Amino acid sequence: MGCCVSTSSRSTCSTRSHGEAVSPTCFEIGFCGQKRTKRTFSDHVIALQHLPSVPNRIFANGKSRSSCIFTQQGRKGINQDAMIVWEDFMSEDVTFCGVFDGHGPHGHLVARKVRDALPLKLLSSVHSYQSRQNGSGRTCFKGNSKESDGGNSEEGSAEDILNSLWRETFMQSYKAMDKELRSHPNLDCFCSGSTAVTIVKQGSNLFMGYIGDSRAIMGSKDSNDSMVAIQLTVDLKPDLPREAERIKRCKGRVFALQDEPEVPRVWLPFDDAPGLAMARAFGDFCLKEYGVISIPEFSHRFLTERDQFIVLASDGVIFSPLFFHLFFICEFVSTFLWFIQG
C-alpha cells in the first residue's frame, strides 16, 4: 500500500524591481512565480533521459519541500504500488503527483512503467498543444484567472482554455500510455495492469485524471475551522451503472464471487477469469475488448485558502483498518503536519 501527500501552496505573481508584474511565458501557462532561468521543453527532454537524477522528482519513500511519499509491503506478497511527486513540472511551481496500484502477475512492473512514462507523455502533449496555439497566433493566458481580462471572447475565457488544454492532455496521454503498454516487447500486460490517480496543481487550479479505484482526498477547513475530508475521485468499480452498462454491451460479465459478495468483478464472456475488480485500468488487455477501458475521468477544481492538503492513496491505505473513514486519514495527516511544522 502507498500514498502521496501534497501541501503545495498557491503562488503569487512576482514583480520586477520597478513593480511591473511579470507575465508568464507561453510555456508557463497559468503560473507566476519568482523569476528564474527558464527551462525549455528541450531542456526537459535531455534531462528525462536520466529520470532518477531529474531535480525535484521523488519516486521512493521520502519528502520534498511540499510533499511526501510513503509505501510499505502489505500482506499479499510483492508491493505493487508506485508513486511520484514532481515539483517544477513543466515549469516552476507546477506540481505533478501520481499513485499507481498494480495488479496481476506483472502489476508491479506495469505500475512502475506508468509512473515513469505517463508524466513524460503529459509533458509532450502540453508541448504539442502549445505549439499549435503559437502557430495559430493565439496569445498566452493566465491559468490562475477565473475570468479572462477582456470578458467574453471568441476563444473563450482563460479558464475554459486552460481546462480544455488539460482535459485534452490527460485524455491523449492516458491513451498513448495504454498503447505503449500494449506494444511493449518485454512487459506482459495481458492479465496485468495498474490503476492511476494523477493530479497537476497549477497556481490555484487543480486538474485531475484517474482510472481504477485509487483515490484522491482533500483535507479542507469548514466554516468552523474544523477539518473535513473531501473525496475528489469516484471508485470506478464494475457495478457502477454506466460502467456495468458499457461492459455488458461489450459482452463482458460483471458479478461478485459468493465468498466476497461486496467485490464486483469483470469476467470474460466465455470463462470465469480474470475477475478484475475495477472497470478502468492500464493494461489488462484480455478485457479491453469486453468493456474495460483506460479513458480517464477528468476534473478541474479551484483551490481556496481553506484547502490544506491532498492525499493520493491506493486501496491498501483507503481500506486499511486504521482508517475506516476518510476523515481519519485527514486527521492523521493534519496531526502529522502540525507536529513537523512545530
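Me: Which residue in E14 does Trp267 stand opposite?
Reply: The model is a predicted one. Strand E13 covers residues 264–268 and pairs with E14 in the antiparallel sense over three bridges. The residue in E14 opposite Trp267 is Pro274.

Me: Which residue does a cis peptide bond join to Pro274, and what is omega?
Reply: Most peptide bonds are trans. Pro274, placed in strand E14, is joined by a cis peptide bond to Ala273, and omega is about -10°.

Me: In what order do the three strands of the open sheet run, and which are the edge strands?
Reply: The pairing in this open sheet is antiparallel, with the order E12-E13-E14. Neighbouring strands are turned by 45° against each other on average, direction ignored. Each edge strand pairs on one side only, and these are E12 (253–256) and E14 (271–276).

Me: Is Met90 buried or exposed?
Reply: Met90 lies in the loop between strand E5 (81–86) and strand E6 (94–103). Its phi is positive, about 75°, although Met90 is not a glycine. The cut-off for buried is under 20% relative accessible area. Met90 has a relative accessible area of 2%, so Met90 is buried.

Me: What is the relative accessible area of Asn56?
Reply: Asn56 is found in the loop between helix H1 (41–47) and strand E2 (57–58). Most residues other than glycine have a negative phi, whereas phi of Asn56 is positive, near 65°. Asn56 is partly exposed, and its relative accessible area is 35%.

Definitions and conventions: Residues numbered from 1 in each chain as written. Predicted model: local features only at pLDDT ≥ 70, side-chain atom pairs only at ≥ 80, totals over all residues. Heavy atoms only, no water. Pairing = 2+ DSSP bridges. Helix = DSSP H or I, 4+ residues; strand = E, 2+ residues; numbered from the N terminus. Axes fitted to C-alpha atoms, helices over the stretch in contact; angles between N-to-C directions. Buried < 20%, exposed > 50% of the residue type's maximum accessible area, 1.4 Å probe, protein only.
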